[in-house]
Amino acid sequence: MSTHQTRRNFLKVSTAAGGGFLLGFSFLTSCEQKPAAVAMAPELKMPEQWTQLNGYLKIGENGVVTIINPNPEIGQNVKTSMPMIIAEELGVDWDNVIVEQGKLDTENFSRQIAGGSQSIRQGWEPLRKTGATARAMLIAAAAQQLEVPATELRTEKGMIYHDASGKSVGYGEVASLAATLDVPEEVELKDPKDFTIIGQSTKNVDARKIVTGQPLFGIDTKREGMLYAGIVHPPAFGLELKSFNADAALAMPGIVDVFAIDCAPEGKQLQWSDGPTVRKQVAIVGKSTWQVLQAKQAIEVEWEQTSAPETSAGHKEKMADLIANGKAEEARRDGDPEAAFARAAKIVEATYSAPFLPHNTMEPMNFFAHVTEDKAELYGPIQTPEFLEKTIATLFDMDPAQIEVGMSRMGGGFGRRLYGSFGVEAALISKAAGAPVQLTYSREDDMTQGTYRPDYLVKYRAGLDADGNMIAFHVRGTGTHGSPIFENRFPAGTTDNYLAEKISMDSNISTGAWRAPASNFIAGAEQAFLDEVAEAAGKDPIDFRLELFDRAIKNPVGERNDYDAERYAGVLKLVREKSGWDADSGDARGVAAYYCHNSYVAQVLDLTLDTSGKPQVEKVYCAVDCGIVVNPEGALNQIEGGIIDGIGHALFGQLTFTDGKPDQSNFNTYRLIRHPEAPRQIETSFVENGIAPTGLGEPSLPPVIGALANALYQATGERVYDQPFMGSLPG
Amino acid sequence: MANYTINVNGKAHQVEAAPETPLLWVIRDELGYVGTKFGCGIGQCGACTVHIDGVAMRSCQQPISSVSENNYQITTIEGLSENGEHPVQQAWLEHDVPQCGYCQSGQMMSAASLLNQIPNPTDEDINTGMAGNICRCGTYTRIHAAVKTAAGKLS
Ligand code: FES
Ligand code: FES
């Protein structure tokens, strides 16, 4: 494998692919820096001097290597896995590597985003090239120093060897020379079979800091002279700030100031990621978080109704009406679905629904900001730092060069921290207060001012011929601010007569991306529906799906099918084998498979009912095809997390609204899955295929909801159609 | 406002606070032990778990006025061990438990307290003992295994 690389096409590749990697491949000339006091494995000796080889890499004279993680870390473990990819091609010993979190740096990196499970997929090539290019330059430097041809040199764990003469030199000894050399035009990438770091389970680089409680998260930020801030936002959607009286609050201990902020002033062009920002809010600044939290409640606010308040019951009615009578966008049509349904021997029909879901990251929204006339420093948990910088530049009429955005480790994201209004709020508060501030939401603020997973309703119909073959398929779906339908995903391409229709519903309730957007609902609905269709066809649910995939492999319908039917079938076959599907586990079991975010997942879920009828998931078998697995332990952790998260939300999760106001505001009324309710066992198997890797932050969540629904049916004899499932189950 | 002396991680600290101020905010904002986390503020999530005389308590539910008496010994994650060598911390590293990591100091404090009381917990004991700590990332199966490993190290 070889790849051609110049400064110019490096730039091109990077921009096109994205992934938080190098833009300008600026190899600096031996840039000496004072070693930073970063925590490192205790046995590592810090070098006297660092040589910066490019935007990602510093090498110490003693061979210690610092690799910058460009992308935000939200618990998806990119801070470990992205540097692993560079280290692999660089050819160093992982034990000699220190990982540092990068700041927002649009000169050196692009797509510094955590979202869509894309960091690894889009970073793969560019990160490899970054490591390989640096390695090639180190080899060239060693060739000069050892006075031997570069082609006779080989590298191993940070050392460069000339076997013929027995000479060797360490990366650290040639790094400063390497930094002065030209960037090679072409670099050789490793054959994946020679990987020594990729494919090895590698511990989370922050694990030691996490288990010893070191400050890592945005909420842990402390600065000299820093004040603490809170906000009071409208208690219901449809209300806006009219006026407030802060006399009582200002008289409380520790309270410094109370004022209104406007996050979306007239005439300012905001970013998509500012999302459904609440325009005007009341900000409060004080000497401790607790004092601010207390005093918030003493502010008397008058709100005005600017749009009609909505309720969950109203949404359900409206969505049902849209499904029955609404005008839909015909997103895809194959064959003649109407005629096929008319001649079908059997028609299966079912409707599925799901409520709004808040993100409920365990670390509530928060941000640090210090904004003065000519400078803005922001630091905190954000999935979209570049967009935050743009908004700050617009709001304060600053040049991006005057703005610094740092990324803390995040106590969960799941999509919530794509929408950085909290960063904007912190900046406005800091500017107005004339002090550095740490803004922290209470859990109630966090849960009741969200960018929620939309509520959805979808209706499926399938027509079977007399032999149980699916001859027609129709899906029609709606949801707040958009339909959940992906018209070109399975089972599109498997059925001659196919119709997908989308309807969007307006609302003043803000919604946004939530771990595996739309897939987090539609996968469960589709996979539960196909289970019902398979039953009506008198077929085993895995056989039934494999027949469909077989059709899509041999003779697909249409050209725009967004999946690889062989890989899809592959995970299903693997999970069938691993779960012993064809034998009987004794427990009620359900199966599901789904493809989203470029990875394929199939699951078999076994559950039992306790004496009260409450379900307990005993075991989930999970088969995954995400190409090359960069960090197996980290991958397993993501997959397990997605499974537990999916089961939890499908069983318990719902945010309901009365008069525009969320009915749940903290964990006493909002139910998240807890330890005893988690599956007792999760067994994951990977398809081995050497394909370039794809991400895992999301793909294991969507299908497990279908597997759960199908297992519940086996256990109870009743199909579940409406989430949360516990609404229709005892316990 | 009043003056209190509290013992945290083996040291006596003087703090000035309103009597109802939760211990959580005193240790985070005043003493700077930020390993103890804020998750809900109402005793539901366990992110703020500390030990008071070796027993897991929700620090968001303990007013400062109630923990400064009787020479109570308060331990936060930073004080669970000198350098992360407590068997629970070691087991957490071995199982690579954390995803985002935010809930984990509370999880470990609950686990350490559970093992203080029941050195060899059954699955049921672990389920009960850990039910008060929420993890949105879904690390429960790893936590479960890590508690068992830690129990093995302690015995
Ligand atoms: S913050 Fe104390 S239990 Fe949640
Ligand atoms: S590891 Fe993220 S909340 Fe538990």
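Trainee: What should I know before I start looking?

Mentor: This is a predicted model, where local features need pLDDT of at least 70 and side-chain atom pairs count only at pLDDT 80 or more, while totals for chains, interfaces and linings use all residues. Residues are numbered from 1 along each chain as its sequence is written, chains are lettered from A and ligands numbered from 1 in the order in which they are written, and side-chain values use heavy atoms, with hydrogens and water left out.

Trainee: Let's start with cysteines. How many disulfides are there over all chains?

Mentor: A disulfide is a pair of cysteine sulfur atoms within 2.5 Å. By that rule, the count over all chains is zero.

Trainee: Is Cys626(A) buried or exposed?

Mentor: We go by relative accessible area, computed with a 1.4 Å probe and protein chains only: buried is under 20%, exposed is over 50%, and partly exposed is in between. Cys626(A) has 2%, so it is buried. Over in the other chain, Cys137(B) is buried too, at 5%.

Trainee: Now charges. How do I read a salt bridge?

Mentor: Look for a side-chain nitrogen of Lys or Arg within 4 Å of a carboxyl oxygen of Asp or Glu. Searching the whole structure gives 51 of them over all chains. Take Asp194(A) and Lys193(A): their closest N and O atoms are 3.8 Å apart. Asp194(A) is partly exposed at 42%, while Lys193(A) is exposed at 67%.

Trainee: Which residue of chain B meets Asp220(A) in a salt bridge?

Mentor: That's Lys37(B), with 2.8 Å from N to O. This pair crosses between chains: Asp220(A) is in the loop between helix 5 (207–211) and strand 13 (227–232) of chain A, and Lys37(B) is in the loop between helix 1 (23–30) and strand 3 (49–52) of chain B. Both Asp220(A) and Lys37(B) are buried. By the way, helices (H or I, at least four residues) and strands (E, at least two) are DSSP runs, numbered from the N terminus.

Trainee: What about Glu377(A) and Arg223(A)?

Mentor: Their side chains form a salt bridge as well, at 2.9 Å from N to O. Arg223(A) is partly exposed, at 34%. There is also a network: Glu73(A), Lys79(A), Asp206(A) and Arg409(A) are joined by salt bridges that share partners.

Trainee: And charges on the surface?

Mentor: Asp182(A), Glu185(A), Glu186(A) and Glu188(A) form a surface patch of negative charge. Patch members have over 30% relative accessible area and no salt bridge, and like charges are joined within 9 Å.

Trainee: Backbone next. What should I look for there?

Mentor: Most residues other than glycine have a negative phi, and most peptide bonds are trans. Now for the exceptions here. The bond from Phe490(A) to Pro491(A) is cis, with omega near 5°. Pro491(A) sits in the loop between strand 25 (470–480) and strand 26 (497–505) of chain A. Gln723(A) and Pro724(A) are also joined by a cis peptide bond, with omega about -5°, and Pro724(A) is in the segment after helix 17 (701–716) of chain A.

Trainee: Where is Asn77(A) found?

Mentor: In the loop between strand 6 (65–69) and helix 2 (78–90) of chain A. Asn77(A) is not a glycine, yet its phi is positive, about 75°. Asn77(A) is buried, at 8%.

Trainee: What is the phi of Ala518(A)?

Mentor: Near 65°, a positive value again in a residue other than glycine. Ala518(A) is in the loop between strand 26 and helix 13 (519–536) of chain A, and at 11% it is buried.

Notes: Patches are made of residues with over 30% relative accessible area and no salt bridge: like charges are joined within 9 Å, nonpolar side chains (Val, Leu, Ile, Met, Phe, Trp, Tyr) within 5 Å. Accessible areas come from the Shrake-Rupley method with a 1.4 Å probe; for residues, only the protein chains shown count as cover. Lys and Arg count as positive and Asp and Glu as negative; His and the chain ends are not counted. The place of a charge is taken as NZ of Lys, CZ of Arg, CG of Asp or CD of Glu.
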